[in-house]
Amino acid sequence: MGIGVWLATCVVAFCGAAMLPAQQSPGLAAAKAIYQEILNLKHLPGEVRANAIKDLALRIRQQPDRYVVALASNLATSATEASGRDALQEVATTLAGALRKSPDRDEHSAFRMLAELARYSHIEVSLQDPRFTAAMLELEAEDRSRSDADFTLTDLQGQKWNLKSLRGKVVLVNFWATWCPPCRSEVPDLKAVYERLRDQGLVILAITGEDAGEVKSFISEQKVGFPVLLDPGHKVRDLFRVHGVPKSFVYDREGRLVAQAIDRPTLDGLWEMLGQAGLR
């Protein structure tokens, strides 16, 4: 349950606060205000956004225990798009602390988000909890499946591309959509790394479940040079267990999955992911 619904329900079901806004407890009012700031993060530019994320993470730690997990979880979800390591570290520290304060709550999605920050963004997480361990094992199992995954899809020009046949290349598999603002913002970064590294063996496969007609005009306007593959029925997206876009996976020259991004990484984050496959 998102905090927007949770906080509204909380007024009656959990918090013991009166239903009228004028009678809300100060704690609930503060939690709602922080939640609104989290929603507004997407409108902030680069460095301002990173600083706002760190500030929110620190303030959430001071909130009442009954709100802190929901707030920290929502911040973690919103902070993964193009955020630097320092901001993500503060978010992870806040979320781990929130889960530590609420040991009896069933928060699978929060433990999974924390595990993703640890595994994919290489953020330090200090939390001794079997549910966190289980979430890490869950991710490991999914990654083993992705390492073995193969697919053949057709690009906008009618050429077929097979993942396993690209052994010897570094392959960045990117799931995206034209209607997704972070995906559209990511295109210039993908173009930049592709133009610099294609001669070193980088292949980018951009996969969308949209119809060709919806994609061609956007690709033409952006002058995208790497292949854009069509995934009818989202079969490959489901194979990779992708539940939201953008999402990127990097395979090294031996076909091993070596890096992935939770959301849209920064440009530096893309360079770091490709560096794990041996590209510089």
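## Aromatic pairs

A search of the whole structure finds 6 aromatic pairs; rings of Phe, Tyr and Trp (its six-membered ring) pair if their centres lie within 6.5 Å, and planes under 30 degrees apart count as stacked, over 60 as edge-to-face and the rest as tilted. One of the pairs joins Phe175 and Phe249: the ring centres are 6.1 Å apart and the planes stand at 90°, so this pair is edge-to-face. It links distant parts of the chain, with Phe175 in strand β3 (residues 170–175) and Phe249 in strand β6 (residues 247–251), 74 residues apart. Helices (H or I, at least four residues) and strands (E, at least two) are DSSP runs, numbered from the N terminus.

Phe249 also forms an aromatic pair with Phe240, and this pair is tilted, with 5.3 Å from centre to centre and 55° between the planes. Phe151, Phe175, Phe240 and Phe249 form one aromatic cluster. Phe175 counts as buried at 2% relative accessibility. Phe249 counts as buried at 0%, and Phe240 counts as buried at 0%. Here buried means under 20% relative accessible area, exposed over 50%, and partly exposed in between (1.4 Å probe, protein chains only).

## Basis of the model

This is a predicted model, in which local features need pLDDT of at least 70 and side-chain atom pairs count only at pLDDT 80 or more, while totals for chains, interfaces and linings use all residues. Residues are numbered from 1 along each chain as its sequence is written, and side-chain values use heavy atoms, with hydrogens and water left out.

## The chain as a whole

The secondary structure of the protein chain comes to 11 helices and 7 strands. A compact globule of 280 residues would have a radius of gyration near 19 Å, and the protein chain agrees with this at 20 Å; the radius is taken over C-alpha atoms, and the globule rule is 2.2 Å times the number of residues to the power 0.38. Along its principal axes, the C-alpha trace spans about 65 × 40 × 35 Å.

Buried residues make up 51% of the 280 residues. Of the contacts (heavy atoms within 4.5 Å) with a separation of 6 or more, 66% are between residues 24 or more positions apart. The protein chain has 34 positive and 35 negative side chains, and the centres of the two sets lie 1 Å apart. Lys and Arg count as positive and Asp and Glu as negative, whereas His and the chain ends are not counted; the place of a charge is NZ of Lys, CZ of Arg, CG of Asp or CD of Glu.

## A buried glycine

Gly255 lies in the loop between β6 and β7 (257–261). With a relative accessible area of 13%, Gly255 is buried. Leaving aside neighbours within four places in sequence, Gly255 is in contact with Ser147 and Arg167.

## Backbone features in loops

Most residues other than glycine have a negative phi, and most peptide bonds are trans. The peptide bond from Val245 to Pro246 is cis, with omega near 0°, and Pro246 lies in the loop between α10 (235–239) and β6.

Ala82, although not a glycine, has a positive phi of about 50°. Ala82 is found in the loop between α4 (65–79) and α5 (85–101) and counts as partly exposed at 25% relative accessibility. His234 likewise has a positive phi, near 60°. This residue is found in the loop between β5 (228–230) and α10, and His234 counts as partly exposed at 28% relative accessibility.
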